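Dear colleague,

Here is the structure I promised to pass on. Please open it alongside this note; what I found follows below.

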Amino acid sequence: MRARFCLACGGRLVDAREGRHLRRRCRRCGWTFYDNPVPACAAVILRRHRVLLVLRARPPHAGTWDLPGGFLEAGEHPMVGLKRELREELGVGLGRARLTGVVVDRYGRGGFPVLAFVYRVTLAPGPIRPADDVADARWFPIQAIPLSRVGFPSIRRALRALARATATRS
Ligand SMILES: [Zn+2]
């Protein structure tokens, strides 16, 4: 993905070297496209040695397993975004949440950069009702996560690390 036009004035963007980075800059008004990562949140939800994964209904990586979560709105704290996403995607409330890591990825091959806050989460009581951009939600034994069918490389790595950590502990 390569930005072509200025968001401020619609002028054409050209390559501009800035230290080690190659930016896209407007020839007309000087506005710069920094290509900063878009912040997101993801939930690791464990229950009786199983982890809850959602099947992505939409691109990128449609038809692959993923952690519940999504993009943050402007001005939204990651924890608030997490709570909103769990409500939207799974129809459940957030119990407790603890920040356990941060991952970086791309939104699909060649997509824009993403930075995701990963939380260990417990859910409020109540049934799970997959909705919106989720085709299915399923509990997988931590030692039997279908890693080859997890689309985002960063999430695959996080789940592999979780499986390893759990195997060593038990
Ligand atoms: Zn411009």
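V54 has D66 in β6 as its bridge partner. That contact belongs to the pairing of β5 with β6, which is antiparallel and spans two bridges. Bear in mind throughout that this is a predicted model. Confidence looks like this: mean pLDDT for the protein chain is 94, and 98% of its residues reach 70 or more. Among the elements, β6 (residues 65–66) has the highest mean, 98. Helix α2 (residues 153–169) has the lowest, 92.

Seven bridges tie β5 to β10, and the two strands run antiparallel. Within that pair, L53 stands opposite R138 of β10. β4 is also antiparallel to β5, joined by two bridges. Here L46 is partnered with V51 in β5. The two strands make a hairpin, with two residues between them. Look at R48 in the turn: its phi is positive, about 45 degrees.

How much of β5 is buried? Five of its seven residues are, so to speak mostly covered.

Next, the core. The largest nonpolar core holds 31 residues. Those with the most contacts inside it are C41, A42, A43, V44 and Y119. Seven elements are listed as giving at least two residues each: β4 (38–47), β5 (50–56), α1 (78–90), β8 (94–106), β9 (113–123), β10 (134–141) and α2. β4 gives the largest share, six residues.

V44 is worth a click. Leaving out residues up to four places away in sequence, V44 touches V51, L67, T100, V118, Y119, R120, V121 and L162.

Now the whole chain. There are two helices and 10 strands. From the N terminus, the order is β-β-β-β-β-β-β-α-β-β-β-α. The C-alpha atoms fill a box of roughly 60 × 30 × 30 Å along the principal axes. Of the 170 residues, 26% count as buried. Take the contacts between residues at least 6 apart in sequence: 56% of these join residues at least 24 apart.

Best wishes

Key
Residues are numbered from 1 along each chain as its sequence is written. This is a predicted model: local features need pLDDT of at least 70, side-chain atom pairs count only at pLDDT 80 or more; totals for chains, interfaces and linings use all residues. Helices (H or I, at least four residues) and strands (E, at least two) are DSSP runs, numbered from the N terminus. A residue is buried if 20 or more other C-beta atoms lie within 10 Å of its own, exposed if 12 or fewer, and partly exposed in between; C-beta atoms are placed from the backbone. Two residues are in contact if their C-beta atoms, placed from the backbone, lie within 7 Å. pLDDT is the predictor's confidence in each residue, from 0 to 100. A nonpolar core is a set of buried Ala, Val, Leu, Ile, Met, Phe, Trp, Tyr and Cys residues joined through C-beta atoms within 7 Å. Two strands pair if DSSP finds at least two bridges between them.
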